[in-house]
Amino acid sequence: GVPTFQRVTPSHLKTMTGRKGKPAWSSWQGKVYNITPYLPFHPGGEAELMKAAGRDGTKLFMDVHPWVNWENMLGSCLVGVMVPEDFAKE
Ligand code: HEM
């Protein structure tokens, strides 16, 4: 079916750490990705990628490999977009 995308607040993102049965999410330029399915495939290892779990991964990512295309590689893992903490719920 057609994927639905969520509005993700900073406090919600913080809870998506990959622990306690939750998937690991990380944001990249305002977009939120589920990084859990990619963990076993990350050439830099799972531990490195998990540093970006539950937070904005942009800086970590850009410090290591700015030439890698996150958006293309994790396109199918897009969860939604970041919104401000007080963003009005539907
Ligand atoms: C290597 C993808 C996030 C650390 C790589 C490579 C790819 C990749 C394709 C191989 C690059 C090359 O050889 O030119 C991704 C994707 C990410 C991500 C799609 C986000 C979803 C991160 C993060 C970190 C990280 C957040 C650090 C906190 C590394 C390291 C290597 C690496 C250290 C080098 C491994 C080596 O050459 O021994 N990653 N990465 N990556 N990545 Fe990531």
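In this predicted model, five strands form an open sheet in the order β1-β5-β3-β2-β4, and their pairing is mixed. The edge positions are taken by β1 (6–8) and β4 (55–56); each has a single partner strand, so one side of each is left without a neighbour in the sheet. The points below describe the sheet pairing, the overall fold, the iron site and several individual residues.

**Sheet pairing**
- Strand β1 runs parallel to β5 (residues 78–82), and three bridges join the two.
- Within this pairing, V8 is placed opposite M82 of β5.

**Overall fold**
- The protein contains four helices and five strands, and read from the N terminus its elements follow the order β-α-β-β-α-β-α-α-β.
- Its radius of gyration is 13 Å, close to the 12 Å given by the globule rule for 90 residues, so the protein is as compact as a globular protein of that length.
- The C-alpha trace spans about 40 × 25 × 25 Å along the principal axes.
- Of the 90 residues, 34% are buried.
- Among contacts with a separation of 6 or more, 66% are between residues 24 or more positions apart.

**Iron site**
- The iron atom of the ligand has H42 and H65 as its protein donors, each through NE2, lying 2.0 Å from the iron.
- These two histidines link distant parts of the chain, being 23 residues apart: H42 is in the loop between β3 (31–34) and α2 (46–50), and H65 is in the loop between α3 (58–64) and α4 (70–73).
- The arrangement is octahedral because the six donor atoms around the iron subtend angles of 89 to 179°.
- For six octahedral donors, the ideal angles at a metal are 90 or 180 degrees.
- Both histidines, H42 and H65, are buried.

**N34 in strand β3**
- N34 is located in strand β3.
- Its relative accessibility is 19%, and N34 therefore counts as buried, the cut-off being under 20%.
- The N34 side chain reaches the backbone nitrogen of T36 at 3.1 Å.
- Leaving aside residues up to four places away in sequence, N34 touches P23, A24, W25, C77 and V79.

**The loop between β2 and β3**
- Both Q29 and G30 lie in the loop that connects β2 (25–28) with β3.
- Although Q29 is not a glycine, its phi is positive, at about 50°.
- Q29 is exposed, with a relative accessible area of 51%, whereas G30 counts as partly exposed at 32% relative accessibility.
- G30 touches G80, V81 and M82 when residues up to four places away in sequence are not counted.
- The C-alpha atoms of G30 and D56 are separated by 8.4 Å, and the two residues are 26 residues apart along the chain.

**K20 and its backbone**
- K20 is found in the loop between α1 (10–15) and β2.
- K20 is not a glycine, yet it has a positive phi of about 55°.
- Most residues other than glycine have a negative phi.
- With a relative accessible area of 82%, K20 is exposed.

Methods:
Residues are numbered from 1 along each chain as its sequence is written. This is a predicted model: local features need pLDDT of at least 70, side-chain atom pairs count only at pLDDT 80 or more; totals for chains, interfaces and linings use all residues. Side-chain values use heavy atoms; hydrogens and water are left out. Donors are N, O and S atoms within 2.8 Å of the metal (3.2 Å for Na, K and Ca); water is not among the atoms, so sites may look incomplete. Four donors count as tetrahedral if all angles lie between 85 and 135 degrees; four count as square planar and six as octahedral if opposite donors are over 155 degrees apart and all others between 65 and 115; anything else is irregular. Buried means under 20% relative accessible area, exposed over 50%, partly exposed in between (1.4 Å probe, protein chains only). Two strands pair if DSSP finds at least two bridges between them. A polar contact is a pair of N or O atoms within 3.5 Å; within protein, one must be able to donate a hydrogen and the other to accept it, and residues adjacent in sequence count only if both atoms are side-chain atoms. Contact means heavy atoms within 4.5 Å. The radius of gyration is taken over C-alpha atoms; the globule rule is 2.2 Å times the number of residues to the power 0.38.
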